[in-house]
Each structure stands twice: as structure tokens, then as C-alpha cells.
Amino acid sequence: MSQAHQERSFETVIEGALLGSGWLRGATTNYDRQLGLDSAELFAFIGATQPDEWARLLAYHGNNPDEAQRQFAQYLARQIDERGPLDVLRRGVRDKGVLIRLAYFKPAHAITDEAIRLYRANRLTVTRQLAYSTSYNKTLDLVLFVNGIPLATAELKNPLTGTTVEDAKEQYRRTRDPKELLFARRTLVHFAVDPDLVFVTTKLAGEKTRFLPFNTGSAGPGVSGGAGNPPAGASGYRSSYLWEQVWHPDTWMDLVRRFLHYDKESGALIFPRYHQWHAVTNLADHAARHGSGQNYLVMHSAGSGKSNTIAWLAHRLSSLHTAPALDDDARAKGLRPNEPVFDKVIIITDRVVLDRQLQDTVFQFEHVPGVVQRIDKDSAQLAAALQGETAKVVITTMQKFPYILNQVQGLRGKRFAVIVDEAHSSQSGDSAAALKKVLLRLGSDDVDESGDLLTASALARGRHETLSYFAFTATPKPKTLELFGTPHPVTGTAQPFHTYSMRQAIEEGFILDVLRQYLTYKAYWKLANANPDDPEVDPKKAGAQLARFASLHPTMQAQKAEIIVEHFRRHTAPRLGGRAKAMVVTASREGAVRLHTAIRRYADMQGYVGCESLVAFSGELEVDGVQHTEARSNGFSEGELPERFAYTAADDRHAGTPKAKQPVEYRILVVAEKYQTGFDQPLLTTMYVDKLLKKVAAVQTLSRLNRTHPLKTQGDVFVLDFVNEAGDIAAEFKPYFETAATTPTDPNLLYTAQHAVTAYPILVDSEMQAYAEALLAAEAKATTDTGLARAHATLYRFTEPAVDRYKALAADDPEAAETFRSALRDYLRMYAFLSQVVPYHDEELERLYLYGRALLNRLPRRQDPSVDIGEVQLTHLRVSKTGEHDASLTPEGEQMLPGFVGGGTGRQHDLEKVVLSELIDEFNDRFGIGLGEADKVWVEQQINALAEDGTLEAAAMVNDESNFGVVCDRRIEDVILSRHDDNGKLMQRYLDDEGLRAQLNQFARRQAYQMIRRRKGIA
């Protein structure tokens, strides 16, 4: 085999590239194996950068250089052992009162020549085939040093010799002793490299060593693609970015200075993944060249490490200076090189964990408290943070911004970077405009506080030269793309500035594919009209009530509970060493309460243990005459639920004893509109879906399962869906599998919407102008939240004439009045969004928006009569499996989301009414396919039997329902027992389960009483 194909040749190529970029060649003979230092390089650096300090130390040792070097090297080794190489490099060491720097980092700006000289004096050395142990002579292919301190190792493999990156990983696992000084207390990161792929680890742990991919993505960095790297360029190696970019001296020192940090909880060293480093540096570089006033959308999948990316970006932006080579537009705005780009960085998020993580991370970089401040009190605290000098990074929620305009002083001309965590279209309305007003203080050149306030209000909604948005989301909506996205230079479509796709995250193993094992079930059912008459009903409203009746029926809930519990016990409970958990997603709070109750009852009736459940829903509701809250149902407060649910008996050595951390291990969580976004519980392996899922909600809900865990594999992840089709869910995931884009909005849509509103004889220009002027004047004068609210209350008089005209129109032509209301609502929705995208600067549009908001709230609503479906019975039911699917997606490239077109929310024409029996027949045809005698519902059979019982019929005729119950309770079990052969299984449950028996007795008693009285013509 030729020398060109040997690993040594690969090694030589990498070394040559490093030497060409500024690295120096290290000598193996200079490495002190006992101290873990290259002493020659260490003292060459100190001599070149700190001669005066070294002279002072030398004097302590009688001007004996050898003794001074020997003792300092030993002291430095002890300091590294105690503090770690990162802290020593960043802050130096004090020896006998003398501060000796161990590295100099690139200054934020290039003004000071001395700072640049010191930075250039760093000695970065690459040493090949380093023998590192005092016990044997095994060598490492490459070791990277900074001023004599070893920071990284690399093992190189060449497939042409029959070895790959996988062999490099195994070499680290099997032949590199983690207890060796070099690995245990010196180097920070280890690279496994071949010509195609790169993997990295920050901790050697023998066979348990975990390597993470450090690749750009199959299509390159920042764009849609899968795992791996694109075809090789001129270098001939797919992995050349490692030594050409990441190991470049400037990049390497920046990683040491601004990226590497320790996670406070786990103690693990965090080294950025390639896409994180690339996103942060590209965002910062663009902002440095273009200045403030730009918007950026970062489409990073779940599993991308978004919290760390935001932390690194916030820290970088807080000290970012304009580049020496500015963009022409930036120069035209008056920007000059080497000036701070932003005065403050503001993070909009609801995640407390991000605040804690930022505090810890930035403190390691800055070692100064107060640089990061979380706003957790009131608007006054936010105002103080924005005005103060200490806090460079401010963390808050969007809700904190309204009503603090006049609390903020001295912000005129200040520049802000706003990082929006999990950006969605909610950022596009009034709260976003309020944020802009607060930060700008109406104080830029085009927003003159002393000038026309109406124009200023309009201008406050658009982009501003002093504000830059950095929006992070895994599932951008079309509005999000258009608000924060980057226009394609040719097509003009709005695209993310940087992408790390769901596809790449799955292929790299950072998240799991939730669509791989998708089980679908379907409920087949029939209803019967038990009403003595056959009323006409609105088919849409009555249809919804019929479907809800069937869905919440006790028998339906009981069958689904049985399927869930049995599936959980067979497929889920044993996984992850008995730690696996499941989530049940329901469509309503009542559905959650009923299904949770049914799950508990079924498990109790069967005597099952190990499938205890919790329920999560907001507020209080009444079900079957009982008041329910989440805390009451679970037996502890809402805030305790995540920790209680996370508990696993397998990880508690005191489980089952009085010393256990908690007495019960909860395995199933039933939710209604809670814990479907932002809930990271890696032990979740199964989801039971009893809710129609659409668009972003489908992706966000099912993605609760995609988190990884050391014990969790792809085969552990299941979805069992009672409602949705697997193909429909796959279609909802498709836009977010790789990358999304959308077409730009037609700016003239807003004028069309404006005309639709003004075409009705409701609005008068002079009234709208008077209102707008009074509103803006009141906002300018109000100094407190209370004062502002009081000022708003006095403005209602300006809308009274329009309200009177609307009432007159509604009396004369109700449909026209409703159409006006819909047109006004559409305009307000469109303006709140489009004014963020299109710089209209149009007073009439802003005036209509301001006035329309107040007017819409005052317009009386037409009361549609409610629909009463009366007494309906569920006669047949079967819930059965319809298929097992692999709904995983295949790569298809960029997906276009439909652009914003406006409209679509206007009132629909009333549907013609139909008789209830016809609607039920239609539903039975749709949902009752294939049902027969075996599928008759046992509960309904018993109700009919009760209604036909002579004793109960007589009692119902002369008693109210309460007194009827006294008779019925004595009679009901005799009637049911006489029909025991109809359904043996349900009969057995009825007899064995006291709770179920009480519930069914109550339900049957009420239904039978009402049925008897209707038959006899008694209301």
C-alpha cells in the first residue's frame, strides 16, 4: 500500500494545515509526563508576554531560572488539578502575589495594538505521536496545546487502511485509561476523526464513553440536511472543516474563551456541537457587519441544544463590536468600525431553566455577578434593568413589556438585541409593538415623541434600526417566517437564517423518531334518538354535541381505559428497566377527568399495580355533580407534578420503605392542554392520543416523546392514536422535518381589508381621529398602570356613536352587521401582523386599527340559540385497532408553507336545519360501519330495562328525581341482575367495581327517570 493511503499521511496533511494557519510544531521531548505540561512552550509564552512579572518571580528564587521554572511548573500543575485548565487559562494564576496569565484572548475590538500583540503571542502547538503516560509508551496521534497546557487529543483513522472513525472511538474506549493524568485532569475534549466524519467526547469513561457527532450536516452547515458531511471540496476530505475552521487558532481560542463551560447540575464539560458554534458565529458576524435593525430566524429542531445556543449567543452579542469591514448599508446609517453593536441583550422566554443556565454559563465566562438579570417581579424591575449599567443580558417575558413606556428613561438611541425563545406568531401583535415602544421610547429619528403621535404609533410597529430580533423555533408558522425570516435573494421567499433540521437531529441520534411505531385505533358507534319528538337542529352544532356525547360516554371511556392500561402493562411498563412512562392526551378538561377516572378504576378493578396515573388540567370544573381541580384529583399542588411524575422507584434504593423519596411512582399522565409543549421528560416512551391534532400542535405534542435517555432506544417509542390517521400526522410533520419557507405577503391585502370595513355606514373619520388623538395623548401622559387604565376607560365615549349605528344596522339587517364585525376582526388581525412586515407608515391604517380595537370590544354579539339534542342513547360501540404504521418521513427538501392571505374568519352562512333523527342516521352511517349485535352497549340496554320496569315507571310518575332515586336504588340491581347474560364481561366489572357501579347507577337512574317521564308526556 502506498504511503499516501496510510494514517501517517492523513496525520501529515492535518499537521501541515495547522502549521499553515499559525500553529507551531510541538516536540514530544518537551512534554513532562508527570506534570502533564509542555514546559518549553509554557515558558516561551511567559517570557514573550510577561517579562516584568517573570522577573519578580525569578527574584523570589535567587534569580535561578531553573529553580523558578521548576517550582512554577509544579505550582501551575497543582492549580490546574484544583481549578481545571479552563479557569486557569481564563484567569491565570497568582504565585507569590504575582499574577501570571496563561493565555490572552482576542479583544472585542481592534483598537488596542498591545492587546492584539499579546493575543498573537499565544503559542498554539500541535504534537504528533505523543507518549503521555509514565507507565507505558502508548502514543496519541495528535495533541493540541495552548501555551504548554494540553487541551485536546485526536485519534485519526483512514478507511483506506481498513479503519474508520468507529475504530477511533473504540481505541479511546478500550486503550485509553481515563485515570491517566492527561485525560483525567488536563485535556478537555477528544476527537475521533477519519476523512469523512468527526465525533467528539469531553469525558473518557472506558466502555461507557459517549461520543457525539461533530459534523456539519449532509448538505453543509446551517441548511436542511441529514447526518454526515457534504462531498469533499478542494481539500479532498469531507472532514477538513475540523482542522481548517474549528482548529484554526482564532476559532480555537474563541472556543476556549466563549463556549466551553461546565454544566452546574451534572458537572460535565459542554463543548458546542458544530451547528451551535456555526449558528452563534454566523449570527454574530452578520450583526457585526450590518449593525442593529436586522431580523434572524433560527429553525433548530428539538434536541439541538437550544438553551446553550441561546446562552452562547446572548453572551456573544452582549460584547459584540462592529466589524472593521462594515456593510455599505451599515456605513450609510452612520455606523463605524469597532463600536458596540448592542447596548443590551433581552431574552424573551418563559423557561426558568434558561435563566439559571445563563446565569451559570455567563458567570464562568465573565466571573462578574449581575451580568445576567431575570425580571421576576414587576415592570419597574424591568425598567431599572434596562436603564442600569450592570445587567448586560436581561431575561423576561413578553407580558412584562406593556404599560411601562414612561418608566423607562434615557433609552433614546440605545440599541437592543431581542432573543425570542420558541418564536411564534404571538410575537406579532400588540405585545410585540409594546416591546418596541418600550425599547425605543419613541426616540429614534423616525419616531419623534414630540411630533405626530399617530404616525409614531404606526412606525413603532415596523422594523427599527435600533432593534434586532433573533428568533428561535423548531416549528415556524408562516407568520413567524415572514416576520423573522430572511428573503431568498432570487425568489424572495422567507427562509430561516440558520437551520438544524429534525431530520439531522434524528439521524445524529439527538432525538428519536416519534412516527416510527404508530398504532391507530378507531371507535365505531351508533346512537339512538330517545326524544319523544324529533326536533330540528343546526347540523354543525348538534353534530358536535353528538360526537362529544359519544366520546365522553362512560362505556367509551371504559373501553379506551382498558386499551390504554393493558397496552401500557404489556408494552411500556417493562421498558427502560421499569422506568418508562406514558402520556394520555385528551381533547378537553372533562375528557381528561373522565378518562383519568376510568384508567384508575380499571387498574383498581383488575388489581394492577405499577400503572398509577396523574391528571393535568387548568382551573376547576364540575363533572357529574362533583367539583374537580388538578390538585384535588392528584392530592398535591400543580407545581409539584413534574417532579412527582419524574420519580422512579428503580432509582430509589429506599423505594417501598418509609424512607422512600415518595410513596407512589406515577407512570401515566393524563393531560388536557397542559404539558404538550416545553415539557422535557426523557422517560416518556408512549403517548395515547384521544384528541384531533393539527399543524404545529401535532408536532409539538408528539415531540414530547422524542427526548433521548441512556436507556431509551428507538424501539421504545410508541404512539397509540384513537382519533388521527397516521398519514395525516405525517403530513403535519412534513414542513418541519427539514426546513420551511413561505411566500411574501401582498402588501395590498391590508387595503382590501380596510375597504371591507369602511364600506359599511358605521365608521366616521372625525370620530376615529378624535379617539386616536385622545388615546395617544393619554398614553403619553399616564405615568402608572392604574393611570393608564383609567385613561383608557374614559375613551369609550368616542366609540358610542359607532356602537349605536351598529345596533341600528343589526336591527335592520343582522347578517350585514355580523359581516361588518367579521370584516373588522379580520382587519385588526391582519394589521397587527402585516404592520410588522410592511413599512406602511399610513396614518389612516393605524387610526382604523387603534379605533377598531376599542370598537370591536363594544359591539354587541348576536346570540345564536343553543342546540339541545335532548336524550340520546349510545346503542353500539366497538373500539378496535385499525393498523400498525411506520409513518417516518423521507427527505424531500424544503417545504413551502402557505403564505398569509388574510380573511377566512368571517361568519359562515347558516346551514339549513335538519331533524335530529336524520343527523343521527348520518352519524351512524359514518361511525357505525360493521357494527352488529355483539357491539350493543350494555349500559344503554340496562337503562331501557329500567324504563320498562313497572315499579320504577310508577315511581317516576309521582316523584321528583331525588325521591325517585330512593326507589330506583333498591330496584336497579335486581333489574340488571335479571339481564346478566347480555354481556358477561361488563357484568363482572359492574359487580366487582364499586366505583363503576355507583357511577353507572347514577347515570342509569337519571336517564331512566327522564325517559319514563318523556314517554308519559311529562316535561
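Modeller: Start with an aromatic cluster. F191, F214, Y241, W247, W252, F271, Y274 and W277 form one such cluster. Bear in mind that the model is predicted.

Biologist: How many aromatic pairs does the count give?

Modeller: The count comes to 35 aromatic pairs. Take Y602 and Y608 as one of them.

Biologist: What makes the pair of Y602 and Y608 edge-to-face?

Modeller: The ring centres are 6.1 Å apart, and pairing requires centres within 6.5 Å. The planes stand at 65 degrees, and edge-to-face means over 60. Both tests are passed, so the pair is edge-to-face. Y602 and Y608 are also both buried.

Biologist: Why is the pair of Y771 and F798 called edge-to-face?

Modeller: Its centres lie 6.3 Å apart and its planes meet at 75 degrees, so the pair is edge-to-face. Both residues are buried.

Biologist: What does the pair of Y771 and F798 tie together?

Modeller: Y771 sits in helix α29 (residues 765-781). F798 sits in the loop between α30 (785-793) and α31 (800-812). The pair therefore ties together parts that are 27 residues apart in sequence.

Biologist: Now α32. How do you know that its length agrees with its residue count?

Modeller: Helix α32 covers residues 814-837, which is 24 residues.

Biologist: Where does α32 bend?

Modeller: At Y831, by about 30 degrees.

Biologist: What makes α32 largely enclosed?

Modeller: Burial. Of its 24 residues, 18 are buried, so the rest of the structure largely encloses the helix.

Biologist: Which residues have the most contacts inside the largest nonpolar core?

Modeller: L515, L669, L702, Y827 and L855, in a core of 105 residues. The largest share of this core, 12 residues, comes from α32. Apart from this core lies another, of 96 residues, including L57, A68, A77 and V88.

Biologist: What does L515 touch beyond its neighbours within four places in sequence?

Modeller: Its contacts there include L702, I729, A730 and F733. H885, D886, A887, S888 and L889 are also among them.

Biologist: Why is L188 called buried?

Modeller: Its relative accessible area is 3%, and buried means under 20%. So L188 is buried. L188 lies in the loop between α8 (181-186) and β9 (189-193). L86 is 102 residues from L188 in sequence, yet the C-alpha atoms are 8.4 Å apart. L86 is among the contacts of L188, as are P85, L151 and Y262.

Biologist: What makes H278 count as buried?

Modeller: Its relative accessibility is 11%, against a limit of under 20%. H278 belongs to helix α11 (residues 274-290). Setting aside neighbours within four places in sequence, H278 contacts P221, G222 and H498.

Biologist: Are C611 and C968 buried or exposed?

Modeller: C611 is buried, at 4% relative accessible area. C968 is buried as well, at 0%.

Note on methods:
Residues numbered from 1 in each chain as written. Predicted model: local features only at pLDDT ≥ 70, side-chain atom pairs only at ≥ 80, totals over all residues. Heavy atoms only, no water. Helix = DSSP H or I, 4+ residues; strand = E, 2+ residues; numbered from the N terminus. Expected span 1.5 Å × (residues − 1). Bend = angle between axes of the 7 residues up to and from the residue. Buried < 20%, exposed > 50% of the residue type's maximum accessible area, 1.4 Å probe, protein only. Core = buried A, V, L, I, M, F, W, Y, C linked by side-chain atoms within 4.5 Å. Contact = heavy atoms within 4.5 Å. Phe/Tyr/Trp six-rings, centres within 6.5 Å; stacked < 30°, edge-to-face > 60°.
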